[in-house]
2 protein chains.
Amino acid sequence: MVITNRQGGNVTAKNTELSESLEDYLEVIWDLEKANKVARAKDIAEKMRVQSATVTGALRNLVEKGFINYEPYSFVTLTHKGAKIAREIARKHDVLKDFLLRVLQIDAEKADETACRMEHTMDKISVNKLLKFIQFIDNCPRTGEDWVQSFMNYCATDNLDSVDCKACLNACFNQYKHQKN
Amino acid sequence: MVITNRQGGNVTAKNTELSESLEDYLEVIWDLEKANKVARAKDIAEKMRVQSATVTGALRNLVEKGFINYEPYSFVTLTHKGAKIAREIARKHDVLKDFLLRVLQIDAEKADETACRMEHTMDKISVNKLLKFIQFIDNCPRTGEDWVQSFMNYCATDNLDSVDCKACLNACFNQYKHQKN
DNA sequence: AAAAAAAGTTAGGAGTACCTAACTTAAATG
DNA sequence: CATTTAAGTTAGGTACTCCTAACTTTTTTT
């Protein structure tokens with residue numbers, strides 16, 4: 001187990017990197033921009049479940065770091081740099097939520113909440129691998145929707161003996177033949 | 001996308017819950033206890049990649065919250081309550097690392113680092129589901145090791161066409177028959 | 001256009017998680 | 001057993017993330 005210091009070592013100088021919290025702000029601003037062209041502090045506060053005074057501070061920080069365009073009493077847009085990060089985080093969110101929801105079959109609300117936390121913990125390469133994995137499950141004739149369904153049954157019963165594996169394999173084989181014709 | 005406030009709302013009173021950082025401390029103490037019966041501040045600092053002054057503060061906090069037994073200048077052990085949490089986190093870590101390493105085939109070091117961050121983001125039920133999922137992959141005759149190997153090939157080539165799906169299905173079928181005899 | 005309401009900012013405060021430097025205690029060694 | 005060394009603590013500091021209360025600016029309504 002290798003732990004990474006939660007403040008990246010350097011604490012005396014202002015951090016130029018994005019904290020998880022600031023990543024969330026970018027994600028929220030991205031969402032609002034998509035919906036309303038621009039983001040307003042009030043809506044950011046609501047989505048972040050935070051008081052508006054807190055938003056003001058976060059926006060100042062994000063301006064300083066070059067992720068947003070913003071002046072006091074005005075609306076917010078993402079800079080090129082900010083939009084790039086926001087898209088990346090949103091993509092991570094979507095992939096993770098898809099995995100939790102469709103593969104692990106966790107209910108929608110919890111999947112979303114969990115994805116919201118996980119999105120800050122996996123790098124781009126790992127999330128890409130997860131995406132490929134989901135695609136592979138979807139497209140490989142040995143797996144697919146019915147296999148995921150079997151996983152659900154396995155979860156419920158806790159053993160494979162209750163499942164007729166031979167029949168399942170046969171069904172899988174036949175389905176592939178029919179799909180090819 | 002539903003964001004959960006990073007300070008749980010209540011900020012005026014001292015938080016009784018565990019932060020991610022404190023969870024890491026418990027995990028590290030658990031590891032050291034297993035290895036040396038007790039944990040010493042120096043070793044905790046090393047494993048946490050933190051200065052020893054920082055450890056002192058964290059230990060005070062953990063005592064106050066009832067997770068460890070500790071008095072200044074003495075060694076550390078987990079209380080019953082602390083050990084329970086530590087075991088839970090360690091288990092999450094192991095399941096996540098196993099998934100990243102064996103299923104997604106992420107290299108050991110990155111898998112470990114990533115698991116170290118993810119372990120704080122998934123609740124017990126979700127991790128249990130992930131564990132069941134890994135077990136299902138391992139034990140279902142339609143998946144298993146060779147299927148994971150195929151996933152690796154898919155990752156490298158980016159398409160299924162290059163794979164002979166029919167041959168793969170047949171091999172899978174035959175393997176099952178032989179295993180049963 | 002003035003008043004009221006809504007939105008946003010500033011100031012000050014708390015808790016967390018780090019840091020360095022100086023100091024104290026405990027352990028190891030001559 | 002006194003001294004040196006290692007380990008641990010305290011004090012003081014920075015940054016982050018959130019809060020409330022008071023104030024300012026902008027927008028809406030009359």
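Which element gives the most to the surface near DNA strand C? I found that H3(B) gives the most there, with four residues.

**Conventions**

I note that this is a predicted model, in which local features need pLDDT of at least 70 and side-chain atom pairs count only at pLDDT 80 or more, while totals for chains, interfaces and linings use all residues. Residues are numbered from 1 along each chain as its sequence is written, and chains are lettered from A and ligands numbered from 1 in the order in which they are written.

**Entry: DNA strand C**

I listed 26 residues around DNA strand C, where a residue is near a strand if its C-beta atom, placed from the backbone, lies within 6 Å of it. Lys42(A), Ala53(A), Ser19(B), Ser21(B) and Ala53(B) come nearest. The elements that give two or more residues to this surface are helix H2 (41–48) and helix H3 (52–64) of chain A, with H1 and helix H3 (52–64) of chain B. Helices (H or I, at least four residues) and strands (E, at least two) are DSSP runs, numbered from the N terminus. I sorted the surface near DNA strand C into 10 nonpolar, 12 polar and four charged residues. In this sorting, Ala, Val, Leu, Ile, Met, Phe, Trp, Tyr, Cys and Pro count as nonpolar, Asp, Glu, Lys and Arg as charged, and the others, Gly among them, as polar.

**Entry: DNA strand D**

Around DNA strand D I listed 27 residues, of which Ser19(A), Ser21(A), Ala53(A), Lys42(B) and Ala53(B) come nearest. Two or more residues are given to this surface by helix H1 (20–36) and H3 of chain A, and by H2 and H3 of chain B. H3(A) gives the most to the surface near DNA strand D, with five residues. I sorted that surface into 11 nonpolar, 12 polar and four charged residues.

**Entry: the two chains**

I next looked up the interface, in which 49 residues of chain B are in contact with 49 residues of chain A. Two residues are in contact if their C-beta atoms, placed from the backbone, lie within 7 Å. On the side of chain B that touches chain A, two or more residues come from each of helix H1 (20–36), helix H2 (41–48), helix H5 (108–118), helix H6 (124–139), helix H7 (145–157) and helix H8 (165–180) of chain B. H6(B) gives the most to this side, with seven residues. The residues of the side of chain B that touches chain A divide into 27 nonpolar, 10 polar and 12 charged.

**Entry: nonpolar cores**

A nonpolar core is a set of buried Ala, Val, Leu, Ile, Met, Phe, Trp, Tyr and Cys residues joined through C-beta atoms within 7 Å. A residue is buried if 20 or more other C-beta atoms lie within 10 Å of its own, exposed if 12 or fewer, and partly exposed in between, with C-beta atoms placed from the backbone. In the largest nonpolar core I counted 36 residues, of which Leu100(A) and Leu100(B) touch the most other members. At least two residues of this core are supplied by each of helix H4 (80–103), helix H5 (108–118) and helix H6 (124–139) of chain A, and by helix H4 (80–103), H5 and H6 of chain B. Neighbours within four places in sequence left aside, Leu100(B) is in contact with Ile106(B), Ala111(B), Thr114(B) and Ala115(B). A second, separate core has 22 residues, including Ile29(A), Leu32(A), Ala41(A) and Val50(A).

**Entry: single residues**

Most residues other than glycine have a negative phi. I noted Lys37(B), not a glycine, with a positive phi of about 75°. Lys37(B) sits in the loop between H1 and H2 of chain B and counts as exposed, because it has 9 C-beta neighbours inside 10 Å. Tyr73(B) has a positive phi of about 70° and lies in the loop between strand E1 (68–69) and strand E2 (77–78) of chain B.

Leu169(B), found in helix H8 of chain B, is in contact with Pro141(A), Arg142(A), Phe173(A) and Tyr176(A), when its neighbours within four places in sequence are left aside.
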